[in-house]
Amino acid sequence: MDTTKLKTRLDGKVQALQEPAQQSFAVVSEPASVPADSGYLALTSNAMDIIKANLKNQPLSFQLFDIVKAPSGGSTVFSVPGLAGDEAEKELTGIILDYTTPRAYWDTADPVEGTPPACLSANSIVSQDGKVCAHCPYNDFGSKDGESNAKACKESVVLFLLRPNNIIPLLVRVPVSSKMLFLKYMTRLASTLKPINGVVTKITLKKATSKTGKPYAQYLFETVDVLDVEKAACAKAFAKQFMEVVHASEIEQKLPEAG
């Protein structure tokens, strides 16, 4: 018998038997990558316990929040505070937990930043001293300087925007020029029985020009996802608990700023 041929045949069979085993081992040792979790950390973790523990049950004061202000000059890029400094972002996406509609009046034409207002309202309806904002002369169009159509009393909307990888929301300041656009968005959600914190909202900016020819950033709001029943319930519960810790009334008193 030709032992050389026999050895060759045996070696071939052994190799054939080993190849599937090696292939199977490769699959086990190098599993397919799992996509990153696109869910919201605040809704799938003990977020409130962490917040309370880290802050020793102290209220979340306004100074502790990262704030995204309206860009100047008609820029369509947000400046978002981050761990390595401000980061430029073309859009903001997340769940709006809640929002406030503060307004404030300063009795000087160009107040220094940080100067407290002469009059303040947490909801743009009634001032702190009980006066109805709608009846105030500083709420009239043109009352700011007599030349433009601006009001002397500064309005805004402040959103508590929860993003996927955070358990503390961003405060997004929407200027009065886009306040009606935001309220229309809220009305559309209401018309389809969708709560504010039951959807994922995308916020973008569009360059616009005022009647006086001044460029500004117009805010656009769009629903990009609708939470399922379970997630919507979690978002609603978290929003309620978070705003209780925040003591929103205390923050609202500090939200308006000069400038």
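This is a predicted model: local features need pLDDT of at least 70, side-chain atom pairs count only at pLDDT 80 or more; totals for chains, interfaces and linings use all residues.
Which residue does Lys202 meet in a salt bridge? The side chain of Lys202 meets that of Glu222, at 3.7 Å from N to O, where a salt bridge is a side-chain nitrogen of Lys or Arg within 4 Å of a carboxyl oxygen of Asp or Glu. Lys202 belongs to strand E9 (residues 199-209) and Glu222 to strand E10 (residues 215-226), so this pair ties together parts that lie 20 residues apart in sequence. Helices (H or I, at least four residues) and strands (E, at least two) are DSSP runs, numbered from the N terminus.

Residues are numbered from 1 along each chain as its sequence is written, and side-chain values use heavy atoms, with hydrogens and water left out.

Let me stay with the charged pairs. By this rule the count comes to six salt bridges. Glu222, with a relative accessible area of 40%, is partly exposed; here buried means under 20% relative accessible area, exposed over 50%, and partly exposed in between, with a 1.4 Å probe and protein chains only. A network of salt bridges links Arg103, Lys151, Glu155 and Lys179. Within that group, Lys151 bridges to Glu155, with the closest N and O atoms 3.1 Å apart; Lys151 is partly exposed at 21% relative accessibility, while Glu155 counts as buried at 10%.

In helix H5, the side chains of Glu244 and Lys240 form a salt bridge at 2.8 Å, N to O, and, being four residues apart in that helix, they are separated by about one helical turn. Glu244 is partly exposed at 44% relative accessibility, and Lys240 is exposed at 55%.

That brings me to H5 itself. The buried residues of H5 include Ala232, Ala235, Phe238, Phe242 and Met243. Seen down the axis, the buried residues of H5 fall within an arc of 150 degrees, so they line one face of the helix; the arc is that of the directions from the helix axis to the C-beta atoms. On the other side of H5, Val229, Glu230, Lys236 and Lys240 are exposed.

What does the interior look like? The largest nonpolar core has 27 residues, and those with the most contacts inside it are Phe65, Ile95, Leu97, Phe160, Leu171, Phe238 and Phe242. Such a core is a set of buried Ala, Val, Leu, Ile, Met, Phe, Trp, Tyr and Cys residues joined through side-chain atoms within 4.5 Å. Helix H2 (41-44), helix H3 (47-55), strand E4 (91-100), strand E7 (153-162) and helix H5 (229-246) each supply at least two residues of this core, and the largest share, eight residues, comes from H5. A second, separate core of 22 residues includes Val68, Leu92, Val174 and Ile203.

Leaving aside neighbours within four places in sequence, Ile95 is in contact, meaning heavy atoms within 4.5 Å, with residues including Tyr40, Leu43, Phe160, Asn197 and Leu227.

Helix H3 deserves a look of its own. The buried residues of H3 are Ala47, Met48 and Ile51; they cover an arc of only 100 degrees around the axis, which puts them on the same side of H3. These buried residues pack against H2 and H5. Just after H3, Lys56 takes a positive phi of about 55 degrees.

Two further backbone positions are worth checking. Most residues other than glycine have a negative phi. Ser124, in the loop between strand E6 (119-121) and E7, has a positive phi near 65 degrees, and is buried with a relative accessible area of 12%. Leu193, in the loop between helix H4 (179-191) and E9, has a positive phi of about 60 degrees, but is exposed at 78% relative accessibility.

The hairpin joins E2 to E3 through two residues, and the bridge partner of Phe78 in E3 is Glu89.

How values were computed. Two strands pair if DSSP finds at least two bridges between them.
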